[in-house]
Amino acid sequence: MILDMLPILSGASQQIDFEFSFTPSEDSLLATVYSDVDFAEPITVSGYVKNMAGYMILSADVRVSYRTVCARCIEPVCSELEISFEKDIASSEEVSSENDDYIIIEDKKLDLLAPVEEEIMLEMPSKTLCKEDCLGLCPKCGKNLNEGDCSCEKKEVDPRLAILKTLLK
Ligand SMILES: [Zn+2]
Ligand SMILES: [Zn+2]
């Protein structure tokens with residue numbers, strides 16, 4: 001999504017509203033970093049760019065629905081992420097493109113996709129659980145403990161006791 005900034009830059013307008021949705025392309029950084037996450041539904045973005053007398057801001061609300069597997073029990077999970085963020089905008093004449101504090105206007109146009117993807121990557125949880133208190137899998141038999149207990153011995157045997165046991169035999 002490329003926003004034409006001319007109305008604001010020329011002074012004709014103080015604010016430009018936008019709304020769009022996108023599906024991360026397979027070769028995008030987002031899809032590469034979160035390769036175990038399926039962005040099944042398009043990510044929706046709405047917001048505005050505003051001239052604040054002397055500087056400009058981008059304000060956006062992002063909604064992400066995604067599917068992945070629970071980090072503990074590996075069952076499929078659907079989750080949702082809502083992000084609101086604000087960022088300063090500057091033209092390439094004002095700020096060097098290496099300055100991360102700003103989104104840079106290039107050729108009177110603003111690329112909205114890059115800052116949105118960046119923000120999603122900052123906010124995506126590194127682990128998604130099917131529920132807060134997911135019991136996970138038994139490390140011995142692999143049974144999903146949310147579905148019931150297994151018959152494996154839960155306590156690790158104290159190595160000193162194990163020696164004692166062999167001595168008593
Ligand atoms: Zn789980
Ligand atoms: Zn078990």
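Predicted model: local features only at pLDDT ≥ 70, side-chain atom pairs only at ≥ 80, totals over all residues.
Burial here asks for 20 or more other C-beta atoms within 10 Å of a residue's own.

The overall dimensions go along with that theme. The C-alpha trace spans about 90 × 30 × 25 Å along its principal axes. As for secondary structure, there are four helices and seven strands, and reading along the sequence gives β-α-β-α-β-β-β-β-β-α-α. The radius of gyration is 25 Å, well over the 15 Å that the globule rule gives for 169 residues, so the protein is more spread out than a compact globule.

The domain assignment divides the chain into domain 1 (2–134) and domain 2 (136–169). Their C-alpha centres lie 47 Å apart. On the contact side, take pairs of residues at least 6 apart in sequence: 56% of those contacts join residues at least 24 apart.

Now for the sheet. Five strands make up an open sheet, ordered β2-β3-β4-β5-β6, with mixed pairing. At its edges sit β2 (15–22) and β6 (102–105), each of which pairs on one side only. From one strand to the next, the twist averages 25 degrees. Inside that order, β3 (residues 43–51) and β4 (residues 56–69) run antiparallel to each other and pair over eight bridges. If you want a spot to look at, find Ser-46, which stands opposite Asp-61 in β4.

Next, the nonpolar core. The largest one has 20 residues, and those with the most contacts inside it are Val-45, Val-49, Val-62, Ile-89, Leu-110 and Val-116. The elements giving two or more residues to this core are β3, β4, β6 and α3 (113–123). Of these, β4 gives the most, with six residues. Val-116 is a handy place to start exploring: leaving out residues up to four places away in sequence, it touches Val-45, Ala-60 and Val-62.

A few loop residues also deserve a look. Ile-74 lies in the loop between β4 and β5 (76–91), and Lys-108 lies in the loop between β6 and β7 (109–111). Ile-74 has a positive phi of about 55 degrees although it is not a glycine. Lys-108, not a glycine either, has a positive phi of about 65 degrees. Asp-149 belongs to the loop between α3 and α4 (159–168).

| Residue | Other C-beta atoms within 10 Å | Class |
|---|---|---|
| Ile-74 | 14 C-beta atoms | partly exposed |
| Lys-108 | 14 C-beta atoms | partly exposed |
| Asp-149 | 10 C-beta atoms | exposed |

The cut-offs behind the last column are simple: a residue is exposed with 12 or fewer such neighbours, buried with 20 or more, and partly exposed in between. Asp-149 has 10 other C-beta atoms within 10 Å, so it counts as exposed. Ile-74, with 14 of them, is therefore partly exposed.

Notes. Residues numbered from 1 in each chain as written. Chains lettered and ligands numbered in written order. Rg over C-alpha atoms; globule rule 2.2 N^0.38 Å. Contact = placed C-beta atoms within 7 Å. Pairing = 2+ DSSP bridges. Axes fitted to C-alpha atoms, helices over the stretch in contact; angles between N-to-C directions. Core = buried A, V, L, I, M, F, W, Y, C linked by C-beta atoms within 7 Å. Domains from an automatic or database assignment.
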